[in-house]
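These are my notebook entries on one model. I record what I looked up, in the order in which I looked it up.

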Amino acid sequence: MAADSARRRGPVGWWRRRSLRVRLTAVSAAVLALGLALSAYVFVDALSRALVSTIDEGIHQRAREVVALSDAHRLDGPIVTTDNTIVQVVSRDGRIIGATGNTDRLVPLLSAESRAAALTDDGARFLDGRPYGIPGVLRVTVLRADDGVTVIAARSFAEVQGSIGAAAHVMLIGTPLLLVLLAAASWLVIGRTLRPIDALRRGAAEITGTARSRRLPVPEAHDEVHSLAMTLNDMLARLEDAGARQRALVSDAAHELRSPLASIRLQLEVALNHPEGQDWQETAEGVLEDTLRLARLAEDLLALARLDEGRPSRREPVDLNELVSRTADRYGIAADLPAATLTVTGDAMDLGRVLTNLIDNAVRHRTAKVAVALTQAGGPDARMAEITVTDDGPGIPAEDRERVFDRFTRLDAARSRDDGGAGLGLAIVRTTLHAHGGTIHLTDASPGLTAVVRLPLS
Ligand SMILES: Nc1ncnc2c1ncn2[C@@H]1O[C@H](COP(=O)(O)OP(=O)(O)OP(=O)(O)O)[C@@H](O)[C@H]1O
Ligand SMILES: [Mg+2]
């Protein structure tokens, strides 16, 4: 699927194959272009509106002044104007009865109909000035005075047109230039932003390539890439730990396998090299004992490997009273059981192995006796079953009571060579109990040791 879409043809495929930097720059440039074009348009539009309304106000003002003069019958002589406003006063019969010096005194700027129309819509309008000998466009307004007189005021629009044109020109050249500058800036900024990611990539390539530097470079800035690098480094550290533990386990296992194998080999070699006076029965017994040790080790390792997957293999109701009394019986111990039947959910075989391993340890280390008890834990843990296995042996010093749960940990290494196991017993116990939602801890029984197991009741 993924390879499929990566190979997609056409513009979409082409776009997706561009680098992130190209795509980000292109998208931001497109958005910028749109924004700049829009603001240039709005600017020119607002500018021209403002300029037009300034002209309109000017001519309107002049027209009102002339209307006032006309109504007061003081329109003798030419109308004087300081700015370039053109004013014509037209009588009811269409004659020009007053005008500024900069206009024709014979032809009104607007015909009678246009004047009437302009009076009704009451605003300024554009007018081509060329028929009246004025170059360019005019802005014209018409006001009514007494006695059917109308006043026409106009001003050339050419100047304003020039300024708007200049502004538009500046925008037309400036906007693309600004766009190019901004696009170049975002190209640089995006490149700089993506640089730490490239550094991460190169770091990762180095790790897989040389297996020497085991950490990714962490950028100085405390940004998202920084936390990504930190998270990835944490992950690498955990993977490294897991790898180291795996290697240690393999080498420990190999080490444990070596001694029974060497013992078997030695016994067989001796027997074969000195067949005279050889007690084959004794040899076979020795070899069998070593073989059993090997078989147990293999079984324990298999059990751990399976438990490492984290869940009990079966989830069925297990009658703890029955399981505890049956297992203790095998060692000739009478277990102390509660009146009520306690049931947990899990794998009866796995839980049986927990009890066997604990009682095995207790029996091996006891001086005189071992006690096994099952109770329902009181207090806030009322939904817990508690199993205790107590012996009166040497116990375990407080500082070692956690360590013994590690794989291949034996405190009395010399002794276990003969009758002990590989040091996997308690590791299997803890892993099994965790998979069942339970716990185990060791406490001092002075003298001796108590192993306390807690399991949630079903
Ligand atoms: N009841 C106990 N009293 C004193 N020491 C103990 C007791 N139980 C365990 N230990 C110590 O803890 C170590 C680890 O126990 P664990 O059951 O994991 O391994 P093991 O008994 O040596 O071997 P395995 O159980 O694999 O046959 C033992 O080697 C022993 O030194
Ligand atoms: Mg053991």
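**Entry 1: terms and conventions.** I take axes to be lines fitted to C-alpha atoms, for helices over the stretch in contact, with angles running from 0 to 180 degrees between N-to-C directions. Helices (H or I, at least four residues) and strands (E, at least two) are DSSP runs, numbered from the N terminus. The model is predicted, and local features need pLDDT of at least 70, side-chain atom pairs count only at pLDDT 80 or more, while totals for chains, interfaces and linings use all residues. Residues are numbered from 1 along each chain as its sequence is written, and chains are lettered from A and ligands numbered from 1 in the order in which they are written.

**Entry 2: α8 and α9.** I noted that two packed helices are described by the angle between their axes and the distance between the axes. For helix α8 (residues 320-330) and α9, I found axes that come within 10 Å and cross at roughly 45°. α8 and α9 are therefore oblique to each other; angles under 35 degrees count as roughly parallel, over 145 as roughly antiparallel, 65 to 115 as roughly perpendicular and the rest as oblique. α8 passes α9 in a right-handed crossing. (A crossing is left-handed if the near helix is turned anticlockwise from the far one by less than a right angle, and right-handed if clockwise.) On the α8 side, the contact is made by Leu323, Val324, Thr327 and Ala328; the α9 residues include Leu351, Leu355 and Ile359. Two residues are in contact if their C-beta atoms, placed from the backbone, lie within 7 Å. I sorted the residues of this contact of α8 with α9 into 7 nonpolar, 3 polar and no charged. (Ala, Val, Leu, Ile, Met, Phe, Trp, Tyr, Cys and Pro count as nonpolar, Asp, Glu, Lys and Arg as charged, and the others, Gly among them, as polar.)

**Entry 3: α6 and α7.** The axes of α6 and α7 come within 10 Å and cross at roughly 165°. That makes α6 roughly antiparallel to α7. I recorded the crossing of α6 past α7 as left-handed. Among the residues in contact are Leu257, Ile264 and Leu268 of α6 and Val287, Leu294 and Leu301 of α7. The contact of α6 with α7 divides into 11 nonpolar, 4 polar and 3 charged residues.

**Entry 4: α7 and α11.** I found that the axes of α7 and α11 come within 10 Å and cross at roughly 30°. α7 and α11 are therefore roughly parallel to each other, and their crossing is left-handed. Asp300, Ala303, Leu304 and Leu307 in α7 meet residues of α11 that include Ile428 and Thr431. By class, I have 6 nonpolar, 2 polar and 1 charged residues for the contact of α7 with α11.

**Entry 5: domains.** The domain assignment, which is automatic or from a database, gives four entries: domain 1 (2-48 + 163-205), domain 2 (74-159), domain 3 (224-303) and domain 4 (314-456). The C-alpha centres of domain 3 and domain 4 lie 25 Å apart. Their contact takes 7 residues from domain 3 and 7 residues from domain 4.

**Entry 6: ligand 1.** Which residues come nearest to ligand 1? Of the 24 residues around ligand 1, I list Asn361, Leu411, Gly421, Gly425 and Leu426 as nearest. (A residue is near a molecule or strand if its C-beta atom, placed from the backbone, lies within 6 Å of it.) The largest share of the shell, 4 residues, comes from α9. The shell divides into 10 nonpolar, 11 polar and 3 charged residues.
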